Amino acid sequence: SLRVAMADHPQGMVNEGDFLVERTPRPAPGPGQALVRVRYLSLDPYMRPMMNPVRSYVEPLKPGQTMPGATVGEVVESNEAALPVGAHVACMLGWQEYGLVTKDSARIVELSAGDISLALHVLGMTGATAHYGLLRLGEPKPGETVVVTAASGAVGSVAGQLAKIKGCRVIGIAGGPEKCRYVTEELGFDACLDHRTDDIERQLAELTPDWVDILFENVGGPTFDAILPRMNDHGRIVLCGNISDYNRDEPYGVKGLSHLLLHRVDVRSFVIADHRDYWPEAIGELAAWVKEGRVRFREDIAKGGLEGAPAAFVNMLTGRNFGKQLIEVAPP
Ligand code: NDP
C-alpha cells in the first residue's frame, strides 16, 4: 500500500520535496475493523497550516507522519457487520491507498459508485462549511449584497449559490477569466471580479452602491483589504478561511480595523469540525438542491494515483485547480 508522508515542516511555499512517497504493508483488519481501499482523496487547504509546528486547533503534523485527509472508498475485507464488504464509506484515511476503519470512524455513503466523490465536497465537509457559514453565521436576507472570495472553489461556489437561493445579490472574486466566467454563467452569481487583473476596490465600489452586507471570506490578504471599506453598517464577515496566508512564514496582517469599528461589522469565525452535529442537516438540504440542479459543482480530479498528490496539492494552493481538488487514488 502506498502512502504519502510529510518529509519535514515546509518553509514558506510548500513544494513536492516536502513530501515522501513510500510503500508499506497492507494492514489486516482486527476484530471490529474493516479494510478500506481508497478511491478518492480530498486535498484541502487546511492541510498546509497543519504542516507548521505552531499552536492551532489541531495537533501539528510531525515529520514522517502520513498526510491526513478525507477519503471515500470501498470496504474490501471486514470483521464488522456494520461495514460489509462492498460498502462505500467516507472516512479520514489520509494520503494512503488502504487503511483500517471501525464503525465509529467510517460513515456509509448512500451514493452510487459514480457519485461517491460528492461525499468529499458538496455532500460532505466543504458543503457543510458553506451551509453553516453562509446560512447560520451570515444570516442572509433577501436583497442583501454578498461577496464571496475563492468563488469558483469548493466552499465558495456553494456559499454563493446558497446566497442566490436566499435572494441575495452575489459578487464573486476569483483568479482568472475562465473561473470568473464559470462563476457568473454556470453558478449564476451576479458578477465576478478577477483578483489577478481587476482593480477590486474601484470595481467593487461600482458594483455595490448599497454596500456589502455579508463577506464570505476564504482568502484574506490584499483582496480582503480592498473589500473591507465596502462593508455596510452592521455587516457580517463570515471568516471561513485565510488561504493567502497559508504559505507565508509571517501573517499578512489586518489593515482595516477602524472600518470594522466605525461600521460595527461583526466578524464571525468558525471551524466546521466543531459542528459535526450540523452536517447531516446541511448535507440533506444540499443533496436536494443538487438533485434539483439549484446547486452545481465542479470537480478537478487528478488521475494517476497517490504519487500525484503532492503536485496537485501545490497546484491547489496556488489557484491552479478549477473546482474541488480530488485525487483518484484507485480507478473504479
Ligand atoms: P478551493 O477549492 O477554493 O481552492 C483553493 C482556492 O483558493 C484556489 O483555487 C485559489 O482560487 C484560491 N487561492 C489560493 N491561494 C490564494 C492566494 N494566495 N490568494 C488568493 N486566492 C488564493 O478550496 P476550498 O473551497 O476547499 O477552501 C476555500 C477556503 O475555505 C480555504 O481558505 C479553506 O481553508 C477554507 N475552509 C474553511 C473551513 C472551516 O471550517 N472554516 C472548512 C473548509 C475550508 P483563485 O484561483 O480563484 O484565486
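Colleague: Is Pro-332 buried or exposed?

Modeller: Pro-332 is exposed, because 8 other C-beta atoms lie within 10 Å. A residue counts as exposed at 12 or fewer such atoms, as buried at 20 or more, and as partly exposed in between, with C-beta atoms placed from the backbone. This is a predicted model, where local features need pLDDT of at least 70 and side-chain atom pairs count only at pLDDT 80 or more, while totals for chains, interfaces and linings use all residues. Residues are numbered from 1 along each chain as its sequence is written.

Colleague: Where is Pro-332 found?

Modeller: Pro-332 is in the segment after strand E15 (324-328). Strands (E, at least two residues) and helices (H or I, at least four) are DSSP runs, numbered from the N terminus. The C-alpha atom of Pro-332 is separated by 7.4 Å from that of Arg-39, and the two residues are 293 residues apart along the chain.

Colleague: New topic. Which domains does the assignment give?

Modeller: Domain 1 (2-121 + 297-328) and domain 2 (125-273). The bounds come from an automatic or database domain assignment. Their C-alpha centres lie 28 Å apart.

Colleague: And how many residues does the contact take from each?

Modeller: 15 residues from domain 1 and 14 residues from domain 2. Contact is having C-beta atoms, placed from the backbone, within 7 Å.

Colleague: What about the core, which members touch the most others?

Modeller: In the largest nonpolar core, with 95 residues, Val-36, Val-89 and Ile-327 touch the most other members. Such a core is a set of buried Ala, Val, Leu, Ile, Met, Phe, Trp, Tyr and Cys residues joined through C-beta atoms within 7 Å. Leaving aside neighbours within four places in sequence, the contacts of Ile-327 include Tyr-40, Leu-41 and Ala-302.

Colleague: Now the ligand. How many residues surround it, and which are the closest?

Modeller: 30 residues surround the ligand, and the closest are Gly-153, Ala-154, Gly-175, Gly-241 and Gly-319.

Colleague: Which helix gives the largest share?

Modeller: H3, with three residues. Helix H2 (125-138), helix H3 (154-165) and helix H9 (309-317) each supply at least two. Domain 1 and domain 2 each give the shell at least three residues.

Note on methods. Contact = placed C-beta atoms within 7 Å. Near = placed C-beta within 6 Å.
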